[in-house]
Amino acid sequence: MINLLRMDFYRFTRNKIMYLLLLLFCAFQIFGIYMMKQYAQPVEEGGVQIGNLTEIDFIQYTISQPPSWMLIYIAVFTIYFYMSEWNSGFHKNYISMRQARIHSVFSKMAILALFVAMLFLTMLIADGIGRRMFFDQTDMGDPGTLIILLASQFLLHWAFSLLVLCIAMMTKNLLISLSAGFVLALNVIGMVLGALENQFTGTHLTQYLLINTLVRVKDLGNMADLIHTFGVAVAAILILSYLAVRYKIREDLN
Amino acid sequence: MTDCIIELCGVTKMYRSKAAVRNANLKIYRGEIVGIIGKNGAGKSTLLKMISGHVYPTSGELHFFNRAAAGEQSFFERMGVLIEQPGLYPNISAYENLKLLAIAYGLSDRETTIEKLLRLVGLDPKNTAKVKSYSMGMKQRLGIAVALLGSPDVLILDEPINGLDPQGIVEIRELILELNATGLTILISSHILEELSKIATKYAIIHQGEFAEVISKEELQQRCEERIEISVEEAREALPVLERELKITQYKVVDSRTVYVYDEHIRIRQIVQELAQHGIMVDSISRHKQSLEQYFLERTESAGERHD
Ligand SMILES: Nc1ncnc2c1ncn2[C@@H]1O[C@H](COP(=O)(O)OP(=O)(O)OP(=O)(O)O)[C@@H](O)[C@H]1O
Ligand SMILES: [Mg+2]
């Protein structure tokens, strides 16, 4: 496990795509903040101006605005990282090692967690720069709440990357998994299902869908909301990693 | 040679409703070089993939050291595998590819191991070119290095000679023999029997997913050697004539009525004449000659009309 993780980490640190994605994300994030400044409506919903938002509210605001760019970066990286190995066939060289099928999935999951963490770090930096430059705003909000928000969003985004990983593993196809990744990042499915549910049943089950939970503005002071958020994240991570491992164990490596 | 390390028991692999390998039974002993021979699409790669644990049999069982492999992935650990194209990252160098794998294996003295391996397969360790710029033969050599990196006990090579130049073929053949001499068991596939005849100790001819024949090197040689088969009333009586009058030294008495003569210079007519002069009647006599290729084609029923 450790050795496979080392190998994946070595590959992670040496691929240019990862740095490129982070750089692009950082640039577009700052650019986005600039655009917000340019086209800011005088009064946002609830009478709050973007310039006055704390970092906590700013994150909540940006993540809830479709399309979620972070999800798209995550999808692209996940698919790239998995498919580059799959298409090269390199995995066949080590898959005969003891438990290698299981460990290779765990190692991919760990690398994805690392990438998501780096993405969040990049976001914090970009937000910090952008908000300071364009709104002269540096208020981060309550540190405890910020950590809770980051932790919950980290888990939700990681779960999303595992979802994309599963799709890439099972379809073994770059284009299909990329398209699926985009559709999921735009949350088309979540919104359609939500609308249908609203229309026909009146229940609220779709709010427990992973991406619906992810883009929802959270009430971080509310215990029930926190349980909902973390519950969905943890459940998704457990289910998706189980699926990924199970699939990998049975997979024919042709 | 008495340890059976791999045994296939009725192994079948179905792709949808089509069997790529059907009911394969084979025992592989320690130290053997097993040649798997078959035409395109015969099921060679599929067979090797199952043995190396890359794909799972639809039915039947694999046994390693007399124990079922199901659920015991660790048996596959001692194998070095090169099946179809070598699995290499195209955008990094040969050295980097091997380095990644060495990390996965947890090797400690990576640098020396990798350099030694690259030299062993005839590649330059200092070459920093990306693997995608490699020629097919160079990739193939690198693939062999990759298979050898974990210092395996069993080496599985699927058409390793593909794309190699004559020089390379000789080198790789020698390498295989060298490795075998150090105790490696080797499985190697090809669609040319001739190619394997110089190294394999056992042949499994596979045709449309089924083993047409499993035959040892000695048996095969016997079947394909050139000889004159003589059938007489009493073989014993013919021998002095053959030895003294015809100066034949290489012969074999197969049974009480049959003698095989291996001397190449002798003519059939001479033998018949000489034996008749000594009052020995020849019941039948024929020259037997079959090339390895003919032998193989016969087993795989694609020889078409043969004229010999
Ligand atoms: N992944 C797969 N899906 C469907 N059919 C397959 C798959 N792999 C192999 N087959 C089929 O199984 C049969 C055996 O294929 P295999 O690759 O084992 O042949 P081979 O002997 O290695 O041929 P070659 O000499 O061309 O390499 C072929 O008919 C092939 O079409
Ligand atoms: Mg093949």
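How many nonpolar, polar and charged residues does the lining of the largest pocket have, by class? The count comes to 10 nonpolar, 12 polar and six charged residues, with Ala, Val, Leu, Ile, Met, Phe, Trp, Tyr, Cys and Pro taken as nonpolar, Asp, Glu, Lys and Arg as charged, and the others, Gly among them, as polar. The model behind these values is a predicted one, where local features need pLDDT of at least 70 and side-chain atom pairs count only at pLDDT 80 or more, while totals for chains, interfaces and linings use all residues. As for bookkeeping, residues are numbered from 1 along each chain as its sequence is written, chains are lettered from A and ligands numbered from 1 in the order in which they are written, and side-chain values use heavy atoms, with hydrogens and water left out.

Back to that pocket: its volume is about 540 Å³. A pocket here is an open set of points on a 1 Å grid over the protein atoms alone, with protein on both sides within 12 Å along at least five of seven lines, and lining residues have an atom within 4 Å of a point. Grid points are joined across faces, edges and corners, and the volume is the space filled by probe spheres set on the points. Of the 28 lining residues, B:Ile83, B:Glu84, B:Gln85, B:Pro86 and B:Gly87 sit closest to the centre of the largest pocket. H4 and H5 of chain A, plus E6 and H4 of chain B, each give two or more residues to this lining, and H4(B) has the largest share with five. Helices (H or I, at least four residues) and strands (E, at least two) are DSSP runs, numbered from the N terminus.

The second largest pocket holds about 460 Å³. Among its 16 lining residues, A:Arg14, A:Asn15, A:Tyr80, B:Asn91 and B:Ile92 are the closest to its centre. Here H4(A) makes the largest contribution, three residues, and the lining splits into eight nonpolar, three polar and five charged.

Now for the contact between the chains (heavy atoms within 4.5 Å). Chain A puts in 27 residues and chain B 28. About 2400 Å² is buried between them, 54% of it from carbon and sulfur atoms; buried area is the accessible area (1.4 Å probe) that two parts lose on being put together, summed over both. On the chain A side, A:Tyr10, A:Phe90 and A:Ser96 lose the most area to chain B, together 26% of what that side buries.

The rule turns up one salt bridge across this interface, taking a side-chain nitrogen of Lys or Arg within 4 Å of a carboxyl oxygen of Asp or Glu. A:Asp252 and B:Lys13 form a salt bridge through their side chains, at 2.5 Å from N to O. H1(A) gives the most to the side of chain A that touches chain B, six residues.

Two cavities of 30 Å³ or more turn up in the whole structure, a cavity being a set of points where a 1.4 Å probe fits but cannot get out. The largest has about 70 Å³ of space, and its lining includes A:Tyr82, A:Trp86, A:His91 and A:Lys248. That lining divides into six nonpolar, two polar and three charged residues. The second largest cavity comes to about 40 Å³. Its lining draws on both chains, including A:Lys92, A:Asn93 and A:Ser96 along with B:Met79, B:Tyr105 and B:Ala147. E6(B) supplies the largest share of this second lining, three residues.
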